[in-house]
Amino acid sequence: GAFHSKFVDRFIVPSDFCKQKYVKGGFSAGKIVVKPNFLLDDPGQRDFVPETANFSFVGRLTREKGLMTMLEAWGPLKDLPLQIVGDGPLRAEAEQLVRERHLAGVRFLGQQSQQRTMDIIKKSHALILPSECSETFGIVVVEAFACGVPVIVSGLGALGEIVTEGENGLLFDAGKVESLRSKIEWATAHPEQLQRMGVAGRKAYDSRYTGAMNILRLEDIYSQAQQ
């Protein structure tokens, strides 16, 4: 406690969720400033929306990222396309589940370049982030917003701060298969509402998560710390 009180003027954290964790751990609330993470390179808002419903997941293939819950939710959806970008220790088990359940719409793409990943997100009706651990931020959500793509996320950690239900995405109960499936089914049945959420996501990106804006915000925080 003595070190951070004496030598540090400001601590910068990416979400209110993080701030509360630090305050609970004994840090002074007055020294903690919330400034979200941001994208230095704008992938650009998509100029088209796919006609047929499809979804994407981008992240490490682990249980805490909600991978198996998402695949369980896919059970009755079968042929609905889901592109999974990323790798991790759960890949073999996840691929086996997909084979056993005959989930014909699910594709494992492995690691992809940033450009290719953005292209996959842009061609999705929505990005799914079903984390079962408390995310401190969730930069992939901001990447989807920048692309003009809405998200379906669990409300854990900072995700409930970034995503507003029905405005720029959908929130479901973390780890709850039926809750996630109902959101996917709603999204599939309401493409126009989903498209409006994607546009709102882009507005959220423009107003909060651009590089230029966050550089100004950092300069402001530094100047306040020097006073």
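A residue is called buried when its relative accessible area is under 20%, exposed when over 50%, and partly exposed in between (1.4 Å probe, protein chains only). By that criterion both F55 and W74 are buried. This is a predicted model, in which local features need pLDDT of at least 70, side-chain atom pairs count only at pLDDT 80 or more, and totals for chains, interfaces and linings use all residues. Residues are numbered from 1 along each chain as its sequence is written, and side-chain values use heavy atoms, with hydrogens and water left out.

**Aromatic pair**
- One aromatic pair turns up in a search of the whole structure.
- The pair is edge-to-face because the ring centres of F55 and W74 lie 5.9 Å apart with planes at 80°.
- Rings of Phe, Tyr and Trp (its six-membered ring) pair if their centres lie within 6.5 Å; planes under 30 degrees apart are stacked, over 60 edge-to-face, and the rest tilted.
- The pair joins distant parts of the chain, with F55 in strand β3 and W74, 19 residues apart from it, in the loop between α3 and β4.
- Helices (H or I, at least four residues) and strands (E, at least two) are DSSP runs, numbered from the N terminus.

**L77**
- L77 lies in the loop between α3 (67-73) and β4.
- L77 counts as buried because its relative accessibility is 16%.
- Leaving aside residues up to four places away in sequence, L77 touches R181, I184 and E185 (contact: heavy atoms within 4.5 Å).

**Helix α5**
- In helix α5 (residues 114-122), the buried residues are T117, M118, I120, I121 and K122.
- Their cover includes strands β3 (55-58), β4 (82-85), β5 (106-110) and β6 (126-129), along with helix α6 (139-147).
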